[in-house]
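Please find below a colleague's note on the model under review. It is set out as numbered points for reading beside the coordinates.

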Amino acid sequence: MMNKNNYVAIMAGGIGSRFWPMSRTDMPKQFLDILNLGRTLIQATYDRFAQFIPAENIYIVTAQQYKQIVMDQLPELPLQNILCEPSRKNTAPCIAYISYKLNQLDPNANLICAPADHLITEPAAFVDICLKALHFTSHIKALVTLGIKPTNPNTGYGYIQYESLAAGENIYKVKLFTEKPDKELAQTFLASGDFLWNAGIFVWQVKNIVKAFEHNTPELHEVFDAEKAHFNTPNENEAIERIYPQCTNISIDYAVMEKADNVYVIPSSFGWSDLGTWTSAYETFEKDYLDNAVGGNEVMIFDATRNMVQVPQHKLVVLQGLDDFIVVDTADALLICKKDKEQEIKDYVAEVKRNKGDRFI
């Protein structure tokens with residue numbers, strides 16, 4: 001199963017502001033055990049890929065400020081496999097970094113790019129689909145993305161429409177990427193049967209994604225290509241410091257996937273959640289008989305239903321009369337917010353920063 005040409009880049013540079021106040025700038029959600037499973041999200045992601053990717057071929061791309069956290073949480077990871085971005089520039093520069101680096105190291109490299117903070121409850125099915133994608137991209141000049149079979153008209157995800165005729169076993173040419181829809185459009189997508197949730201997990205040979213950058217985002221290609229000789233040398237960090245100020249802040253979807261003509265999708269089902277919000281965490285937690293999801297050993301609930309409660313394990317919390325709320329308590333901050341207002345948590349965090357500085361961020 002282990003192929004020396006197979007690699008993975010785990011993207012771990014985000015700050016997870018929608019999981020505030022548990023997720024903070026100095027310790028964002030990918031480094032937390034949000035679901036009380038005994039492993040942080042990045043550790044669980046590493047564990048999944050270590051089943052079929054050689055340990056020396058697993059890379060973490062993160063912010064410089066999180067390097068020590070990665071070292072502490074993944075001591076088995078070779079130090080040189082922690083790639084530090086000097087600034088946050090979205091997924092396209094992040095993916096370009098690992099792709100141009102690997103293209104110098106191994107021109108036959110077959111790469112998976114995946115976020116560090118997703119939940120996958122059926123890892124065996126996930127491994128099977130990843131191996132299928134790697135096999136396909138090793139034979140076809142394709143850019144593959146994993147699309148999740150939708151279970152509801154979710155408005156928090158982007159969607160992918162695909163052709164009806166298969167290009168391989170359960171592999172289809174992509175027709176269209178579309179941004180997060182409103183409820184009515186999401187219901188239309190769900191009813192049509194040919195739309196998938198965009199999971200943000202990608203598979204390709206690095207030489208093909210490099211060609212895609214060159215063709216579709218030449219300005220990004222030029223800055224990485226000009227410095228490629230420095231990758232995998234002692235001068236790599238200095239090269240990256242020169243590259244990143246020249247990069248626009250752009251996602252891989254906008255930079256490449258929506259423009260390229262060789263994009264394919266694998267309709268997938270492996271118990272996926274992007275854990276983007278407290279409600280997505282609520283959906284994965286076990287519930288009590290009143291449909292409350294509770295993280296914390298000393299929580300007492302009276303006449304309260306459908307709440308997401310995350311509090312310190314040994315802190316007594318008594319909750320009465322709340323329905324459909326998010327309650328998150330930390331050592332220095334308490335959030336009480338209606339679940340249907342959770343998309344505004346980022347705005348609340350910005351307001352906290354404006355009024356209180358960075359102390360609570």
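The points that follow cover basis, cores, helices, surface and salt bridges.

1. Basis of the note. The model is predicted; local features need pLDDT of at least 70, side-chain atom pairs count only at pLDDT 80 or more, and totals for chains, interfaces and linings use all residues. Residues are numbered from 1 along each chain as its sequence is written, and side-chain values use heavy atoms, with hydrogens and water left out.

2. Nonpolar cores. The largest nonpolar core comprises 48 residues, and Ile10, Phe49 and Ile112 have the most contacts inside it. Helix α4 (residues 123–139) gives the most to this core, contributing seven residues. A second, separate core contains 47 residues, including Ile98, Ile160, Val174 and Ala212. Here a nonpolar core is a set of buried Ala, Val, Leu, Ile, Met, Phe, Trp, Tyr and Cys residues joined through side-chain atoms within 4.5 Å. Buried denotes under 20% relative accessible area, exposed over 50%, and partly exposed in between (1.4 Å probe, protein chains only). Helices (H or I, at least four residues) and strands (E, at least two) are DSSP runs, numbered from the N terminus.

3. Leaving aside neighbours within four places in sequence, Ile112 is in contact (heavy atoms within 4.5 Å) with residues including Phe49, Phe52, Cys130, Leu134 and Phe202. Tyr46 lies in helix α1 (residues 41–50) and is buried, at 5% relative accessible area. Not counting residues up to four places away in sequence, Tyr46 touches Ile10, Ala55, Ile58, Leu74, Glu76 and Leu77. The C-alpha atoms of Tyr46 and Leu77 are separated by 9.4 Å, although the two residues are 31 apart along the chain.

4. Helices α3 and α7. Of the 15 residues of α3, 11 are buried, so this helix is largely enclosed by the rest of the structure. Among the buried residues of α3 are Pro93, Tyr97, Ser99 and Lys101. In helix α7 (residues 218–226), the buried residues are Leu220, His221, Val223 and Phe224; the buried residues of α7 pack against α3, α6 (206–216) and α8 (236–243).

5. An exposed leucine. Where does Leu316 lie? Leu316 is in the loop between β14 (308–310) and β15 (317–320), and its 55% relative accessibility makes it exposed.

6. The whole structure holds 13 salt bridges, each defined as a side-chain nitrogen of Lys or Arg within 4 Å of a carboxyl oxygen of Asp or Glu. One of them joins the side chains of Arg24 and Asp332 (2.7 Å, N to O). Arg24 lies in the loop between β1 (6–11) and α1, and Asp332 in the loop between β16 (325–329) and β17 (334–338), so the pair ties together parts that are 308 residues apart in sequence. Arg24 is buried at 11% relative accessibility, whereas Asp332 is partly exposed at 40%.

7. Further salt bridges. Arg354 and Glu351 meet through their side chains at 2.5 Å, N to O, in a salt bridge. Being three residues apart in helix α11 (residues 345–356), these two are separated by about one helical turn. Arg354 is exposed, at 60% relative accessible area, while Glu351 is partly exposed, at 38%. Asp358 and Lys353 also form a salt bridge between side chains (3.7 Å, N to O). Arg306, Asp324 and Lys339 are linked in a network of salt bridges.
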